[in-house]
Amino acid sequence: MSIDRELMERSGGRCELCGANAGLGPYSLPGSEGRTNAEILLCPTCSLQLSGGEALDSNHWRCLSDSMWSPVPAVQVAAWRLLKRLSGEAWAQDLLEMLYLDEDLREWAEAAPLPADDERVVQRDCNGVVLQAGDTVTVIKDLDVKGSSLVAKRGTAVRGISLTDNPEHIEGRVNGQRIVILTKFVKKS
């Protein structure tokens, strides 16, 4: 039986990551030398973004919340690699923390370098320290929140921040409300 046919039967004729059913083709995971069953069936969008040929569309990859639980090891490895690349997003970081890979699969997932995202944005606090998703920061100045009567007081700790596409902005919860905060007004705790 050909590999295409095996993949079609295993996946039910759907992309093994997002579930699309058009333009499917086999994709061999990099860093899989000497491994059997290192191919997965992907749609063109998933294939291009996974290989680094296209920038990651984080909204497209919300489908990983389902596909990461696949019993197929190659799908689990692909999901881990994508979640690792998207770890600047709070939802992706949460999924990555839930995804368990045994030692052998973890080694396989880490065997291939992740494609560089040339467009990766780096947020820095007022002292120039690099911020990462999930960090805790402290507000260094009273900030009026536009569109509300809320004032983020100096010294307020903002836990579990999320990063944005803008290097000058982060997101976090202050008094139960999710707000955008300028990085020049926070310091990493």
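Mentor: Buried means under 20% relative accessible area, with exposed over 50% and partly exposed in between (1.4 Å probe, protein chains only). Helices (H or I, at least four residues) and strands (E, at least two) are DSSP runs, numbered from the N terminus.

This is a predicted model: local features need pLDDT of at least 70, side-chain atom pairs count only at pLDDT 80 or more, and totals for chains, interfaces and linings use all residues. Residues are numbered from 1 along each chain as its sequence is written, and side-chain values use heavy atoms, with hydrogens and water left out.

Now the helix. Helix α2 spans residues 44–51. Its buried residues are C46, Q49 and L50. They sit on the same side of α2, because they cover an arc of only 100 degrees around the axis. That arc is taken from the directions from the helix axis to the C-beta atoms.

Next, the end of the helix. G52 follows α2. The phi of G52 is positive, near 90 degrees.

Finally, the annotation. An unreviewed UniProt entry gives "domain: PhnA protein N-terminal proteobacterial" for residues 6–51. UniProt positions are in the numbering used here, feature names are shortened, and annotations may be inferred rather than shown by experiment. Residues 6–51 are 30% helix and 17% strand. The end C-alpha atoms of that span lie 22 Å apart.
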